[in-house]
Amino acid sequence: MNAIYKKELHNYFTSIAAYLFIAFYMALTGYCITNYSIFNGYSNFAYPLSATTTIFIMLMPILTMRILAEEKHQRTDQMLLTSPVSITRIVLGKFFAMVTVLLVGILVVCVYPVILKQYGNVNLKAAYGCIIAFFLFAITYMSIGMFISALTESQAIAAIATFAVAIITALVSSFRDSVPAGGAPGFYFTVIAFGVIVVILYFLLKNITFCVLLGAAGEAGLFLLYKKQPTAYDGLVGRVIDSISIIDRFYDFVYEQFSVASAVYYISITALFVFLTIQVVNKRRWS
């Protein structure tokens, strides 16, 4: 894993990707901190950091789009897949290289609260708690971007798809109030969502018999549950929206309170997409 990590880190810092990401992130973060903390006098460090979440979503594909898609495009992944190194170590090495580039920017941000403390009343404990929350928020999106990169050999497609998913998860909460809370919308949403999951499983497993049986059994079970207890689907769409709105979890830290539940959520989603990436690459090895 160390060899993969060092190779990816070398690739980042011998190309423009890492420097472009760090430069834009630092410039825009500095602008947000200047605007919120200095010009407007906000002592809560979460305000400028929350403003940078949208900026990060736009910059994040710079790091994630090439991480696995480039290997597939250049066919250099064949050397990795046939090497004695496990897929888990390969994926983790690449992931930790991305995280290291992110940490360069995060470590610079860690200096800001100390500087602002000299000129105002800044709660350092809350500020650094918010920085940790932003780090967890960032690696969650990076794990999703890495998973998307593993699905294609085109860096452009990986970047566009990652950006689209990030925007959807960021804006989905704005549609919460417009969704009916009754059982019928929840039922239809569940049926469609389960169908999409089955289709994704088919593309991953290429086992049509299993997927058809799973789909038929699952849809039948959902229908029977709706007929027997339709209230089970009440408010389901709203709860799903709350669960997939990644950016909303970060706002839990705005009031200077570290949310353990949100931190666990970020770590869980990150672990899930790293695991899914390992499965996608592992499937490619055996195919």
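Visitor: The charged end of which residue sits over the ring of Tyr265?
Guide: This is a predicted model, in which local features need pLDDT of at least 70, side-chain atom pairs count only at pLDDT 80 or more, and totals for chains, interfaces and linings use all residues. Residues are numbered from 1 along each chain as its sequence is written, and side-chain values use heavy atoms, with hydrogens and water left out. A charge sits over a ring if NZ of Lys or CZ of Arg is within 6 Å of the ring centre and within 35 degrees of the ring normal. At 4.0 Å from the centre of the Tyr265 ring, the residue whose charged end sits there is Arg249.

Visitor: How many helices are there in the protein?
Guide: Helices (H or I, at least four residues) and strands (E, at least two) are DSSP runs, numbered from the N terminus. The protein has 0 strands, and its helices number 15.

Visitor: How are the rings of Phe137 and Tyr266 arranged as a pair?
Guide: Rings of Phe, Tyr and Trp (its six-membered ring) pair if their centres lie within 6.5 Å, and planes under 30 degrees apart count as stacked, over 60 as edge-to-face and the rest as tilted. For Phe137 and Tyr266 the centres are 6.2 Å apart and the planes stand at 75 degrees, so the pair is edge-to-face.

Visitor: How many residues apart are Phe137 and Tyr266?
Guide: Phe137 belongs to helix H9, while Tyr266 lies in helix H15 (residues 260-286).

Visitor: Is Phe137 buried or exposed?
Guide: Buried means under 20% relative accessible area, exposed over 50%, and partly exposed in between (1.4 Å probe, protein chains only). With a relative accessible area of 0%, Phe137 is buried.

Visitor: At what angle do the axes of H9 and helix H10 cross?
Guide: Axes are lines fitted to C-alpha atoms, for helices over the stretch in contact, and angles run from 0 to 180 degrees between N-to-C directions. The axes of H9 and H10 (residues 155-171) come within 9 Å and cross at roughly 140 degrees.

Visitor: Which residues in H9 meet H10?
Guide: Contact means heavy atoms within 4.5 Å. On the H10 side the partners include Ala158, Ala161 and Thr162, and the residues of H9 that meet this helix are Tyr141, Ile144, Gly145, Ile148 and Ser149.
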